[in-house]
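Dear colleague,

Please find below the structure I promised to hand over. My findings follow it.

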Amino acid sequence: MLYGSFEKGNVLLTGDAGINGLTWAANMADSLGLPLQQFSFVQIPHHGSRRNVGPTILTRLLGNKQQESDPTRFATFVSAPKDDEQHPRRIVLNAFKRRGARAIATQGSSKIHYGDFPKRDGYSEAEVLPFYTQ
């Protein structure tokens, strides 16, 4: 895992971390005095697998669940193959969205997170995934 603190906000890259890895990272962040729940960008672990996250660690890292009408607080990307119907899991996307995320999946295409920098020629807005009811 990688935690970065930048002028435009804090970033959390999770790779393939699971619940234990996320918990150990949160413990380390606490011991170093790094703020959690204040990210501008978070990577969803392991293609959005439901086995890699849980409600307790997500609340610790990202904050409490918000109301649906509350504004989003951070962007989150999930790297998943184009033809993978199982990933990202909708339940995982919803868990991040409930905590204030604008969720975007790669699904076989390249994406960039530009953090309020000018847009690059040839790039378009990424489609934010909806909240799933099924």
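Arg-60 is partly exposed, with a relative accessible area of 26%, where partly exposed lies between buried (under 20%) and exposed (over 50%), for a 1.4 Å probe and protein chains only. This is a predicted model: local features need pLDDT of at least 70, side-chain atom pairs count only at pLDDT 80 or more, and totals for chains, interfaces and linings use all residues. Residues are numbered from 1 along each chain as its sequence is written, and side-chain values use heavy atoms, with hydrogens and water left out.

The side chain of Arg-60 meets that of Asp-30 in a salt bridge at 2.6 Å, N to O; the term denotes a side-chain nitrogen of Lys or Arg within 4 Å of a carboxyl oxygen of Asp or Glu. The pair links distant parts of the chain, 30 residues apart, with Asp-30 in helix α1 (residues 19-32) and Arg-60 in helix α2 (residues 55-62). Helices (H or I, at least four residues) and strands (E, at least two) are DSSP runs, numbered from the N terminus. Asp-30 is partly exposed as well, at 46%. The structure holds one salt bridge.

Within α2, Ile-57, Leu-58, Leu-61 and Leu-62 are buried. Seen down the axis of α2, the buried residues fall within an arc of 105 degrees, so they line one face of the helix; the arc is that of the directions from the helix axis to the C-beta atoms. Pro-55 and Thr-56, on the other side of α2, are exposed. Gly-63, which follows α2, has a positive phi, near 110 degrees.

Kind regards
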